[in-house]
Amino acid sequence: MTRLSPFALARRAALFGAAALLAATATQTAVAQDYPAREIHVICGYDAGTGADVIVRYFADKLGALAGKPTIVENKGGALTAIAAKYVAQSKPDGYTLFITAGNSTMSANSYIFKNPTYDPVKDFTPVTTLLQLPFLLATSPKLAPKNVAELTAYLKAKGDKVTYGQANSFGIAAGELYKKIAGFNGVSVAYRSTPLAFTDMNGGQIDFIFADATFGLEQAKSGNIRALATTKKLSAAPEIPTMAEAGVAGFDLIAWWAAWAPAGTPQPIVDKLAGWLNQIVAAPEAKEFMLRNGAEPFPGNAKLLAEHQVKDTALWVSLLKAANFEQQ
């Protein structure tokens, strides 16, 4: 038997490795060319009927039209989207499970909010692309006396330890804690499964205020169900509403951002295909009108931008929650 030299063995191993890599790449390309062969399941971490659900369903519907296959939206609300995130993390990485969610909450703030998270925001997911940015509204009941932020702050300080405020997502938690810290009042947060449920209690006098997404909040404000006192970032759909900073709460500058992820290990050619379709949707005039109508703004990107933004935003939200002395759950 001919004994090969170490150099020859290394060369043979390299050739085998290169061949295996080419074969794997060819297989992934072939899979991507046939993708999608069936329906795509789009996971929503929020209850049906919420502003978040409206956003997810819009993108799912448009994605199905471009992909040429049906899209099925699955609502898996609860635990600040952690239930949905865990489900996606454990799903098969074949491109048929897509997670559209508020990254600032699910992937950034939740990494600190939960002492023992049930998913890893980085290791368990493959970034696809960013989608949109969305301010939140500081909302109160129209039955409440204060008609602006300064009056609300004075009212809350006068209530002392009887202040209660709602939160139905991670953004609401952080925004409420930040407002409390900057404005200098005490209060107890009350957790809700969804914003509509919180609005019901707020109008019933059970809670004093809540930070709600503009998609659902604007609609409710226009119908008179709530009073929108301020936004966390300037809102082009309602420029008459002041920002928190304009209303006198200095140092308050927050915005939610939405993006899409797939389970970790999803083939890159499929990820690229999904990103291309989603960015087509974001760039369409119809989508821009939809976003404007719902208080959002386009935030196009790609997998690299999303990964970088997630790292930066996680550092921001963790620092905010720490500064607000938020007690981890």
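Q: Helices here are DSSP runs of H or I with at least four residues, numbered from the N terminus. With that in hand, which helix is S108 found in?
A: S108 is found in helix α4. Keep in mind throughout that this is a predicted model.

Q: Is S108 buried or exposed?
A: Its relative accessibility is 0%, so S108 counts as buried.

Q: What is S108 in contact with, apart from its neighbours within four places in sequence?
A: Setting those neighbours aside, S108 is in contact with G103, W257, Q310, D313, T314 and W317.

Q: OK, back up a bit. How many helices and strands does the chain have?
A: The secondary structure comes to 11 helices and 11 strands. The chain has 329 residues, and buried residues make up 52% of them.

Q: And what does the C-alpha trace span?
A: Along its principal axes, about 90 × 40 × 30 Å.

Q: In what sense do β4 and β10 pair?
A: Antiparallel, over 8 bridges. Strand β4 takes in residues 125-134 and strand β10 residues 256-263. As an example, Q133 has W257 of β10 as its bridge partner.

Q: What about the sheet of 5 strands?
A: That one is also listed as an open sheet with mixed pairing, in the order β7-β6-β8-β5-β9. β7 (188-191) and β9 (227-231) stand at its edges with a single partner strand each, so one side of each has no neighbour in the sheet. From one strand to the next, the twist averages 30°.

Q: How do β6 and β7 pair, parallel or antiparallel?
A: Parallel, over 4 bridges, with β6 spanning residues 164-167. T164 has V188 of β7 as its bridge partner, and G166 stands opposite V190.

Q: Which way do the β6 residues point?
A: T164 and G166 point one way, while Y165 and Q167 point the other way. All four are buried.

Q: Switching to the core. Which residues have the most contacts inside the largest nonpolar core?
A: F59, Y179, F209 and W258, in a core of 92 residues. Another core, of 11 residues, lies apart from it, and A168, M202, A212 and I226 are among its members.

Q: What does F59 touch, leaving out its neighbours within four places in sequence?
A: F59 is in contact with I100, L131, L132, L278, I281, V282 and M291.

Q: I see α9 and α10 on the model. At what angle do they pack?
A: Helix α9 (residues 268-283) and helix α10 (residues 285-293) pack at about 70°, with their axes 5 Å apart. That angle makes α9 roughly perpendicular to α10.

Q: Which residues make the contact?
A: From α9, I281, V282 and A283; from α10, P285, A287, K288 and M291. By class, that contact has 6 nonpolar, no polar and 1 charged residues.

Q: Where does K86 sit?
A: K86 is in helix α3, residues 82-89. At 35% relative accessibility, K86 counts as partly exposed. Leaving out its neighbours within four places in sequence, K86 is in contact with T118 and Y119.

Q: Last topic, the backbone. Which residues does a cis peptide bond join?
A: Y35 and P36, with omega about -5°. P36 is found in the loop between α1 (6-34) and β1 (40-44).

Methods. Residues are numbered from 1 along each chain as its sequence is written. This is a predicted model: local features need pLDDT of at least 70, side-chain atom pairs count only at pLDDT 80 or more; totals for chains, interfaces and linings use all residues. Side-chain values use heavy atoms; hydrogens and water are left out. Two strands pair if DSSP finds at least two bridges between them. Helices (H or I, at least four residues) and strands (E, at least two) are DSSP runs, numbered from the N terminus. A nonpolar core is a set of buried Ala, Val, Leu, Ile, Met, Phe, Trp, Tyr and Cys residues joined through side-chain atoms within 4.5 Å. Buried means under 20% relative accessible area, exposed over 50%, partly exposed in between (1.4 Å probe, protein chains only). Contact means heavy atoms within 4.5 Å. Axes are lines fitted to C-alpha atoms, for helices over the stretch in contact, and angles run from 0 to 180 degrees between N-to-C directions. Angles under 35 degrees count as roughly parallel, over 145 as roughly antiparallel, 65 to 115 as roughly perpendicular and the rest as oblique. Ala, Val, Leu, Ile, Met, Phe, Trp, Tyr, Cys and Pro count as nonpolar, Asp, Glu, Lys and Arg as charged, and the others, Gly among them, as polar.
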